[in-house]
Amino acid sequence: MIVALAVAAVTVASLVVGSLGVRHARTTANFLVASRAVRPRWNAAAVCGDTLSAASYLGLAGLVLAAGLDMVWFPVGWAAGFVVMALFVVAPLRRFGAYTIPEFLRDRLDDRRIGRTVACVIPIIGLIYLLAQLKGAGVVVEALIGAPYWVGVVAVVVIVVVNLLSGGMRAVTSAQGFQFILIAVGVLVPVTVLLAVWFASDRPGPQDGVPVFDEDSAVTYAAATTVVVDVDTEARVSGTIDGDPYETAVVLPAGQHDVGSGTTVTWPAGTPVPHETTITAVSADDWNQVGDAGDTPGGQATYVAYSLLVASAVGLAGLPHILVRFTTNATGGQARRTAVIVLGFVAVYYSALPIYGALGRQVAPDLLSTGGTDSVMLVVPQRIVGGTPGELLVAIVAVGAVAAFLSTAAGVMIASAGALSHDLLGGGIRWFPHATIAAGAVAIPLGLLVESVDISILVGWSTAIAASSITPVLLLSLWWPGLTATGALASIVVGTTTATLAVLASVTGLSQRSTPWLDTLLAAPAAWTVPLAVVTAVVVSRRSGRPVAGVERMFARMHVPDRLRPESGPAAPVVGHPRTAR
Amino acid sequence: MRPPEARRPLSMLHDLANGMSAGLDTGSARLVVSAGRRLLGVGAAALADAEAVLATDGTMPGAEQLLSRTQAVLARAPGTAPQRYRAGALDVLAHPLVVASAPVAVLHVVAEPAARRGDELTAYCGLVSHFLALAELDTSRRLVESAELRALRAELSPHFLHNCLTAISGFIATDPEKAEDLLSTFAEFLRAGFRYRTDHSTLAQEIRLVEIYLELEQARFGERFDVGLRVSPEALSVPVPFLTVQPVVENAIRHGLERRAGRGRLRIRIDDRGAEVHVSVEDDGVGTDPAALERALAGTGDTRHLGILAVDERLRSAYGPAYGLVVATAPDAGTLVTMRIPKHRRRA
């Protein structure tokens, strides 16, 4: 009950904060306070509010629970993404002055086709990223109030669309910053309490080997699930197994079993946890080790790790809703400082998340059996603390999760609908409402389809496409004067097509019919699609004649440091001079 | 393999036209000389004006000799025929470049079969002269535009300046400290108004200007109206043309609130709307007849609304015809002026 109330409260609060009390409101009495632009630290909080999504919040802990420390490559890659942005992207982009990525590429390369093409790619990336948030919403609602998965999906889409249309929840800096505070509290406070309780109490240490039920454990399978039983096991079953109804103790022979939806199986103490088929049972040694081959698609752990790193490190700069945030900074230098502060924030945040996965392996191994690993953060607090304090911790986690997927969903929606209306249809923001409704209408059915896909996988696809389509051209146009419009266009087309086809082959399962290596290449495409896009851009640019006219002037505008620009220094009161004190 | 001088004359001309868009300097002179050398098929060429040799390509006479020959040709203005002279072993043709019937520079080419090159040289010099004339036109167009802008801006203040000084002088006896304060505020406002060199400003600066202006107006009117200012901080760093908000506020006070009986309200809102910023200025003053205002904005009616007319033109010239002012008003119904400002302006 506490949980449901808290979630309702935060939903309402974040909507209200978005529309009220977030602007500098001034009256005659105090309007001589100098007009202040957004400070880097507060903007960094807003960037985090936009970036830290259901993927990192729920998904990462779930992945660590299932597959072990290999999955820490995800947050390492995301953090590396901010290093790339701080070093190479945000400052020159801010100095150029463009507001959206399509606008920047159009003006930098002096070609309208580029802007339109990118405006078509952005909604694809945004949509997949949005699906990850919807999956997160479905999981949270399912875990908290037991409502079916679709309720969360539909609720988030409706809330976000209605609010964008009514102008309530715009991507206002202070609202996003507020969301980040909720997210950070939602992760850090419970983890501190849980670790304290864990070490204070006399818990059994980590087990060797694969996870085993400590005590007799009743596990309820909400959805129909196929599990792999390792050894012949006598379990109490209430429901259906392999199509037959039972209300008794049953001996389940080793092998695969279909558990019907709503079935409760009480596994005896000492049983190795029967894993859901898509999750590989991992021994403690493998779980602790980075680079073990057993738990990655195609078994090429090293390749997959590098590909993930490339996708997230390079792809972050190509996610449309994050770069926009940096245009709020007054100068290029401040934009860069913002990115550095973000790095500090996410470092703390990302370090806390795998702890939930590790704790979950000790206290909630049943999630490996039901396949509901994405809900581990919501389950662990009650298993360790219990009672009302436990429920309170769950409420804190849930509030953070709601903040994470609401703010990210809104940010992605704004960026995608904005690209469609502003950059593709060219109507300023006139088409924004239509584009928003269209995006929402497409998102709901797709959101229902991805129920069985891990959140982090969805985000991985989205960043892989962003990394292959937008980032190469973005980086080259910021740093290589020789890039031509034709080269950029070819690169975007090649990068988008290869990455999207790879993802499609992977999501439809087509790739599994090929060789393991090909399957691996398709499941984690960034390591080859990103270089391919870069090479395409360079080769086609070299062959397509002269660079863009006036490129030297644009490079001076992007790269001359702020302090060397007399006319466009910081937005400090240029018209002001020290006023006599009253 | 084609000889290099036959390669892509059109693209050479294209480069030349681009390079000369800013007029004649050493960079564009080098283009004129090298393109001329190739297009005319001569061994060497040079370009000089009355002061200096701007560019040389190939073996040409010394700088001093080129300069004296140049001055001789320029002195024979407005003749446009080539002159021939010998310098040591070189046979040189000199042809003036003429802009608006005044010779501005001289192109020298070494021409061994010189007789054959005379016509082509005249044609080429004529072409280059055209480019120069275009560049000059462009410059003067820009000058006219900025002069117009300045004229419109100069229109903004005198009325207000006079009222301010009167208000401040009223305080000198009763509240000298406040008078001093207001005077320094006034100086700040003037300084902003004199900032002719850069026409770009940011919304933060525009708001500061509005604040200064309001402080001065409040000194005049005391508490005759409330002011509410709501600004999204995201919008502050957005670049705008200089003086876009203050004239609208001034219009609201002079034509709306000043004439109204009792206490009025002025609401200024600056909202962040993604790719655009929306600025609205609303007063509950006397309002205007919309038809009269429309005539004024079209430039055919009375000229009392010159301030917002200037803003309207500045916005349209900066962002295109879709971005003019929107004014909602009626007699006794107050006035609401809104403008949309794209965060990013495509630069020419």
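How many bridges join strand β1 of chain B to strand β5 of chain B, and in which sense do these two strands run?

A: The model is a predicted one, so local features need pLDDT of at least 70 and side-chain atom pairs count only at pLDDT 80 or more, while totals for chains, interfaces and linings use all residues, and side-chain values use heavy atoms without hydrogens or water. Residues are numbered from 1 along each chain as its sequence is written, with chains lettered from A and ligands numbered from 1 in the order in which they are written.

Strand β1, which covers residues 45–49 of chain B, is joined to strand β5, residues 102–110 of chain B, by five bridges, and the two run antiparallel. (Strands are DSSP runs of E with at least two residues, and helices are runs of H or I with at least four, each numbered from the N terminus; two strands pair if DSSP finds at least two bridges between them.) One place to look along this pairing is B:A45, which stands opposite B:V109 in β5(B).

Stepping back, we find an open sheet of five strands in chain B, which follow one another in the order β2-β1-β5-β4-β3 with antiparallel pairing. The edges belong to β2 (53–57) and β3 (83–87) of chain B, each of which has a single partner strand, so one side of each is left without a neighbour in the sheet. Going from one strand to the next, the twist averages 20 degrees (axes are lines fitted to C-alpha atoms, for helices over the stretch in contact, and angles run from 0 to 180 degrees between N-to-C directions).

Two helices of chain B lie across strands of this sheet, where contact means heavy atoms within 4.5 Å. Helix α2, residues 26–40 of chain B, lies across β1, β2 and β5 of chain B and runs at about 35 degrees to β2(B). Helix α3, residues 63–75 of chain B, lies across β1, β2, β3, β4 (90–99) and β5 of chain B, and it runs at about 135 degrees to β5(B).

Elsewhere in chain B, strand β11 (residues 326–329) and strand β12 (residues 335–342) also pair in the antiparallel sense, over four bridges. There B:V327 has B:V337 in β12(B) as its bridge partner. The hairpin of β11(B) and β12(B) has five residues between the strands, and in it B:D332 takes a positive phi near 60 degrees.
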